[in-house]
Amino acid sequence: NFRWHIYTTDHFEIFYYPDIESHLERITSYAESAYQTISSDLKHDLGHKVPMILFKTASEFQQQNIEPGEIPEGVLAFAEPYRDRMVLPIDEPPDQLYRLITHELTHIFEFDIIPRSLLRRGLPRWVDEGLANYMAGYWNPLDLMLVRDAAITDNVPKMSEFESQPLSGRLPYTLGHAAFEFIESRWGK
């Protein structure tokens with residue numbers, strides 16, 4: 001039973017409840033900064049304000065009823081392609097929270113640039129998740145280890161096989177991130 005309020009910025013409609021109000025200025029700053037970076041890098045502006053639903057803790061986020069069904073373990077936040085909204089908890093350290101907002105906001109840009117209604121089978125996860133991780137600009141040490149191990153053992157799957165490989169849960173994120181870094185190193189942003 002949250003008492004929801006809406007705070008509007010240039011690019012967001014932020015849904016929050018009173019427990020979060022003291023964090024609103026910081027979250028707004030992160031979101032607007034992430035928007036400017038992504039918009040500039042992708043050379044794209046959204047034609048709408050992004051609804052962003054905030055929860056104070058990961059525990060409250062896990063209990064949300066916005067997305068029907070149970071959220072899979074390990075999901076820290078999500079963006080919805082058909083409602084163009086982001087849902088996330090704010091109880092992360094500042095640098096991780098900024099990266100989480102950047103990751104989810106990148107998905108909103110992806111949904112706008114390539115509407116899911118135009119695709120029969122959807123984009124490969126390595127494109128969606130790899131670009132979002134790349135835009136967040138950070139390598140988790142375990143993800144980096146996974147990529148290095150795959151490269152050292154000559155076990156890098158074809159892009160079309162990312163989804164079906166062992167450890168495929170993180171593979172689209174990590175190898176997709178590496179693919180976008182390769183593209184940038186070869187041809188620029």
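A crossing of two helices is called left-handed if the near helix is turned anticlockwise from the far one by less than a right angle, and right-handed if it is turned clockwise. The model shown in these views is a predicted one, in which local features need pLDDT of at least 70 and side-chain atom pairs count only at pLDDT 80 or more, while totals for chains, interfaces and linings use all residues. Residues are numbered from 1 along each chain as its sequence is written, and side-chain values use heavy atoms, with hydrogens and water left out.

**View 1. Confidence along the protein chain.** The predictor's confidence in each residue, pLDDT, runs from 0 to 100, and its mean over the protein chain is 87, with 88% of the residues reaching 70 or more. Helices (H or I, at least four residues) and strands (E, at least two) are DSSP runs, numbered from the N terminus. Among these elements, helix H1 (residues 24-42) has the highest mean pLDDT, 97, whereas helix H2 (residues 58-62) has the lowest, 73. Where pLDDT is low, the predicted coordinates should not be read in detail.

View 2. Five strands form an open sheet in the order E1-E2-E3-E5-E4, with mixed pairing, where two strands pair if DSSP finds at least two bridges between them. Strand E1 (5-8) and strand E4 (78-80) are the edge strands, each pairing on one side only. From one strand to the next the twist averages 20 degrees; axes here are lines fitted to C-alpha atoms, for helices over the stretch in contact, and angles run from 0 to 180 degrees between N-to-C directions. E1 and strand E2 (residues 12-16) run antiparallel and are joined by four bridges, and Tyr7 has Ile14 in E2 as its bridge partner. H1 packs on the sheet, touching E1, E2 and strand E3 (50-55), where contact means heavy atoms within 4.5 Å. Helix H3 (residues 94-113) also packs on the sheet, touching E2, E3, E4 and strand E5 (85-89), and its direction makes about 165 degrees with that of E5.

**View 3. Where H1 meets H3.** The axes of H1 and H3 come within 9 Å and cross at roughly 45 degrees. This makes H1 oblique to H3, because angles under 35 degrees count as roughly parallel, over 145 as roughly antiparallel, 65 to 115 as roughly perpendicular and the rest as oblique. The crossing is right-handed, and the contact includes Ile27, Tyr30 and Ala34 of H1 and Leu97, Ile101 and Phe109 of H3. The residues of this contact divide into 14 nonpolar, five polar and one charged, where Ala, Val, Leu, Ile, Met, Phe, Trp, Tyr, Cys and Pro count as nonpolar, Asp, Glu, Lys and Arg as charged, and the others, Gly among them, as polar.

**View 4. Where H3 meets H4.** H3 and helix H4 (residues 125-136) pack at an angle of about 135 degrees, with their axes 8 Å apart, and H3 is therefore oblique to H4. Their crossing is right-handed. Among the residues in contact are Arg99, His103 and Glu110 of H3 and Asp128, Leu131 and Met135 of H4, and the contact divides into five nonpolar, five polar and four charged residues.
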